[in-house]
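Reader: I would like to learn how to read a model of this kind. Please take me through it feature by feature.

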Amino acid sequence: MWAIEAKQLTKSFGKHKVVKGIDLQVKTGEIVGFLGRNGAGKSTFINMLTGIMEPSSGSYALLGVQNANDAIKRQVGVMPDYSSLYGSMTAMKHLSYLAAVSGKTVSREWCIEVLKLVGLEEHANKKAAKFSFGMKKKLALALAIIHDPQLIFLDEPTSGLDAESVIHIHQLIQQLHQQGKTIFMTSHNLDEVEKICSRIAIMKDGSIKRVGSMEELRAYYQSTITVTIKHSSIRSTDLSIIQQWLQQVGESLEMEKSHFTIQVESEQKIAEIIRALGTYKIDIYRVDVEEPSLEEIFLEE
Ligand SMILES: Nc1ncnc2c1ncn2[C@@H]1O[C@H](COP(=O)(O)OP(=O)(O)OP(=O)(O)O)[C@@H](O)[C@H]1O
């Protein structure tokens, strides 16, 4: 069963098509990182899935149920915008109120447990108005999990948090993952996504451009492998021949005094270059292969 299945999901505001027919499937138990530049359409897409916005066309299913009804939404947790918290309500009150809205009665002990999970246990009876930005974020995260949902949507769960809190929240997300929950999270922190997400979806201009595990994304971008080979002196006659040959084998060739760099399509090409240099009796001291980082993949999209 898919935890999330979107079929040709589309949203327009007037003539502006913001989400352009997205097809996406998320497996149960996955942590999927949802990336995209500001304005790409991520929030609009999530707002449709979580029932905040009506799609213009297309359909979706959550946990196998089409156009999720109220009953299924009890199994879905959404991290609210921290600015929508009630200033006059304490953290505890927020939790019991939101659980009730989701159709669940929760014990005081469970609320304390959830506050502990997000690192807010010492502030249980403090009003949200007195919370710092980071504390509000943590409370928003607690609200997403208070009713023990199976599918959790998180919107930049760690942005603006201090380093210690970020580690803490990452551990919490891993813990939820180990319990079999499905997590769909937006983030602008590429290191975070690479570290904790099992798959990554990259959105651009209202469409999903690429989806896959880090290994799958890297495999797709193998053409950007950079090979750096340090070599000893090459006779100038050989140098121009080698240079010409390299230009045919790869791209972006840069010849320096003691090394050159080139971008090649495959590992096979690297082996080919090393063999060819051998025939010119060039001593190779070092070969560096740089795989594309998520940042490079993201920027290419
Ligand atoms: N209610 C609305 N009415 C009109 N246009 C909207 C509305 N909501 C969003 N948009 C437009 O839709 C586009 C996508 O916005 P969206 O908030 O989905 O992007 P995002 O990828 O979540 O961006 P960010 O990373 O900044 O949160 C933007 O051009 C935005 O101006």
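**Reading the chain, its domains and its ligand shell**

Author: Of the 301 residues of the protein chain, 32% count as buried. Keep in mind that this is a predicted model.

Reader: What does the secondary structure of the protein chain come to?

Author: The protein chain has 11 helices and 14 strands. Its radius of gyration is 25 Å, whereas the globule rule gives 19 Å for 301 residues, so the chain is more spread out than a compact globule. The C-alpha trace spans about 80 × 45 × 35 Å along its principal axes.

Reader: What share of the contacts with a separation of 6 or more joins residues 24 or more positions apart?

Author: That share is 68% in the protein chain.

Reader: How is the protein chain divided into domains?

Author: There are three entries in the assignment: domain 1 (1–73 + 150–220), domain 2 (76–148) and domain 3 (222–300). The centres of domain 1 and domain 2, taken over C-alpha atoms, are separated by 22 Å. In the contact of these two, domain 1 supplies 19 residues and domain 2 supplies 13 residues.

Reader: Which elements give two or more residues to the side of domain 1 that touches domain 2?

Author: They are α2 (70–73), β7 (151–155) and α6 (163–178). By class, that side of domain 1 holds 12 nonpolar, 4 polar and 3 charged residues.

Reader: How should I read a nonpolar core?

Author: Start from the general idea: in soluble globular proteins, nonpolar side chains tend to be buried together. In this model the largest nonpolar core has 64 residues, and Leu 139 and Ala 142 have the most contacts inside it. Helix α5 (residues 133–145) gives the most to this core, with 7 residues.

Reader: Which residues does Leu 139 touch, not counting those up to four places away in sequence?

Author: Leu 139 touches Leu 85, Ala 91, His 94, Leu 120, Ala 128 and Phe 131.

Reader: Which residues surround the ligand?

Author: The ligand is surrounded by Phe 13, Val 18, Gly 36, Asn 38, Gly 39, Ala 40, Gly 41, Lys 42, Ser 43 and Thr 44. Helix α1 (residues 42–49) provides the largest share of this shell, 3 residues.

Reader: How many residues of the shell are nonpolar, polar and charged?

Author: The shell around the ligand divides into 3 nonpolar, 6 polar and 1 charged.

Conventions
Residues are numbered from 1 along each chain as its sequence is written. This is a predicted model: local features need pLDDT of at least 70, side-chain atom pairs count only at pLDDT 80 or more; totals for chains, interfaces and linings use all residues. Domain bounds come from an automatic or database domain assignment. Two residues are in contact if their C-beta atoms, placed from the backbone, lie within 7 Å. Helices (H or I, at least four residues) and strands (E, at least two) are DSSP runs, numbered from the N terminus. Ala, Val, Leu, Ile, Met, Phe, Trp, Tyr, Cys and Pro count as nonpolar, Asp, Glu, Lys and Arg as charged, and the others, Gly among them, as polar. A residue is near a molecule or strand if its C-beta atom, placed from the backbone, lies within 6 Å of it. The radius of gyration is taken over C-alpha atoms; the globule rule is 2.2 Å times the number of residues to the power 0.38. A residue is buried if 20 or more other C-beta atoms lie within 10 Å of its own, exposed if 12 or fewer, and partly exposed in between; C-beta atoms are placed from the backbone. A nonpolar core is a set of buried Ala, Val, Leu, Ile, Met, Phe, Trp, Tyr and Cys residues joined through C-beta atoms within 7 Å.
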